[in-house]
Amino acid sequence: MHELKRRMLKLLEQEFIGWKYPRDWIVHGHSCYFFSPDIKSWTNSLAACGEIGGNLVEVNDVTENNFLLSKILPYNTEHWIGLTDKEGNDTYVWISSGQIPTFTFWVDHEPSHQWKMPENVFVENCVFYSNKDNDYMWNDYSCEAERHYICERTLTVDE
Ligand SMILES: [Ca+2]
Ligand SMILES: [Ca+2]
């Protein structure tokens, strides 16, 4: 009986922890984060984050940025974040809060808002962490391009 009770408590605990910190998510500060193994368009990345109870990451300050960099540095790949200019008015806002960023991490001369090569013009409305060649800083690009993505889920206040 004691053993059964212990096992039930263990199951409850796993469920509780699973709810707060879903499997494969990494806790940092007041959020947990998911770094995708797969690549998707920005829009599909946003949907994928939503399906697992989060949103595309909102990078609020240098501390959060440093944490994210520490996780993506070993991989030299590009990751979508939740910054977009879907209205097409060249003003980037966070998809989760609707706020204009107070912290930014742009590559020099970015955001460029469009790809300017002749015969291949398209607008750039979605932002990603670039790879090593651009020191992992932010760049905007076509939302249709496929990249890895980072989801964020804010933890509840009663931690
Ligand atoms: Ca955040
Ligand atoms: Ca750009």
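First, some ground rules. This is a predicted model, where local features need pLDDT of at least 70, side-chain atom pairs count only at pLDDT 80 or more, and totals for chains, interfaces and linings use all residues. Residues are numbered from 1 along each chain as its sequence is written, while chains are lettered from A and ligands numbered from 1 in the order in which they are written.

Start with the overall layout. The protein has three helices and ten strands, taken as DSSP runs numbered from the N terminus (helices are H or I with at least four residues, strands are E with at least two). Reading from the N terminus, the order is α-β-β-α-β-α-β-β-β-β-β-β-β. Among contacts between residues at least 6 apart in sequence, 65% join residues at least 24 apart.

Now for the inside. Of the protein's 159 residues, 26% are buried; that label requires 20 or more other C-beta atoms within 10 Å of the residue's own, exposed means 12 or fewer, and partly exposed is in between, again with C-beta atoms placed from the backbone. In soluble globular proteins, nonpolar side chains tend to be buried together. A nonpolar core here is a set of buried Ala, Val, Leu, Ile, Met, Phe, Trp, Tyr and Cys residues joined through C-beta atoms within 7 Å. The largest one holds 28 residues, and Leu56, Val57, Ile81 and Cys151 touch the most other members. At least two residues each come from strand E2 (31-35), helix H2 (42-51), and strands E4 (79-84), E8 (126-129), E9 (138-141) and E10 (148-154). E8 gives the largest share, four residues. To see the packing from one spot, pick valine 57: leaving aside neighbours within four places in sequence, Val57 is in contact with Tyr33, Leu68, Ile81, Gly82, Ile150, Cys151 and Glu152.

Trp42, Ser45, Leu46 and Cys49 are its buried residues. Viewed down the helix axis, they fall within an arc of 100°, so they line one face of H2; the arc is that of the directions from the axis to the C-beta atoms. An α-helix has 3.6 residues a turn, so residues three or four places apart point the same way. Strand E3 (55-56), E4, E8 and E10 are among the elements covering the buried residues. On the face turned away from that buried side sit the exposed residues Ala47, Gly50 and Glu51. After the helix comes glycine 53, with a positive phi near 80°.

Next, the E8 and E9 pair. These strands run antiparallel and are joined by four bridges, where pairing takes at least two DSSP bridges. Valine 127 stands opposite aspartate 140 of E9. Trp138 and Asp140 point one way from E9, Asn139 and Tyr141 point the other way, and all are buried.

Most residues other than glycine have a negative phi, and most peptide bonds are trans. Asparagine 76, in the loop between helix H3 (62-72) and E4, has a positive phi near 50°. With 10 C-beta neighbours inside 10 Å, asparagine 76 counts as exposed. The loop between strand E5 (93-94) and strand E6 (114-115) contains proline 111, and the peptide bond from glutamate 110 to proline 111 is cis, with omega near 0°. Histidine 113 lies in the loop between E5 and E6 and has a positive phi of about 70°. Its 15 C-beta neighbours inside 10 Å make histidine 113 partly exposed.

Methods: Two residues are in contact if their C-beta atoms, placed from the backbone, lie within 7 Å.
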